[in-house]
Amino acid sequence: MVEESQGSTATLRAGLVVVGITILGAFGPAVGVSPAWIVVFVLGGLIALSVDAASWQGMGGHLLAEALPGGQARLQRIAIHEAGHVLIAEAEDLPVQRVLVGTLACVSAGLRSSGATEFRVPDSVKMSLEDLRRWSRVLQAGIAAETLVYGKARGGADDRALLGQLWGLSGHDVDTAQREQRRARREIEQQLRQQRSRLDERAGDLLSAAPRLGR
């Protein structure tokens, strides 16, 4: 699963409001816009920001960012992340239930995220070492895919948290968990480099199916 920085989204939303206010304040009177309408716009913008933060947990800003020019590039990055999960899951014979790319797809499915790859829940939290290795590869694949394509990953906090929980419940010591996770990361980085064309192709398929506002 991938989550964009809430801070960057909040900055984008606030920045858009400030730009709108500045433009109206500077040019509104010159083109006949009443000062009363400028006040309405300012209050409306502030209320929208407050409602988005309180009710949508900032998801409205994500929806807006994906609908604006440049939103395709944002969705492309999410698609790369989720495609990494899918490719490694297929290699590990770990069934994928569904893949969601973009905030609109996730919100429609009742999720507070910008992207998600959902797997069947393990039958038991007490897994064998080999199963833990498989999950270590699959859950780190999104981060590895982003890093391969963009140089660093923005998403993956939920993936790391879930992986930490699985290892924490396994009964293995911390050194073993960290060593195995590093090993899994090296393996999937090499695997994704070798399958870069498949990664791009799968991401393209996910991107073409991703819904956006106004499309």
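**View 1. Arg 202, a partly exposed residue, and its salt-bridge partner.** Arg 202 comes out at 23% relative accessibility in this predicted model, so it counts as partly exposed. Its side chain meets that of Glu 90 in a salt bridge, with N to O at 2.9 Å. The pair ties together distant parts of the chain: Arg 202 sits in helix H9 (residues 196–209) and Glu 90 in helix H4 (residues 71–91), 112 residues apart. Glu 90 is partly exposed too, with a relative accessible area of 41%.

**View 2. Arg 137 meets Glu 92 in a salt bridge.** Here the two side chains come together at 2.7 Å, N to O. This is another link between distant parts of the chain, with Arg 137 in helix H6 (residues 129–150) and Glu 92 in the loop between H4 and strand E1 (96–101), 45 residues apart. Arg 137 has 10% relative accessibility, so it counts as buried. Glu 92 is buried as well, at a relative accessible area of 15%.

**View 3. Arg 137 also forms a salt bridge with Glu 130.** For this pair, the closest N and O atoms are 3.4 Å apart. Buried or partly exposed: which is Glu 130? Glu 130 is partly exposed, with a relative accessible area of 40%.

**View 4. Shared partners make a network.**

Note on methods. Residues numbered from 1 in each chain as written. Predicted model: local features only at pLDDT ≥ 70, side-chain atom pairs only at ≥ 80, totals over all residues. Heavy atoms only, no water. Salt bridge = Lys/Arg side-chain N within 4 Å of Asp/Glu carboxyl O. Helix = DSSP H or I, 4+ residues; strand = E, 2+ residues; numbered from the N terminus. Buried < 20%, exposed > 50% of the residue type's maximum accessible area, 1.4 Å probe, protein only.
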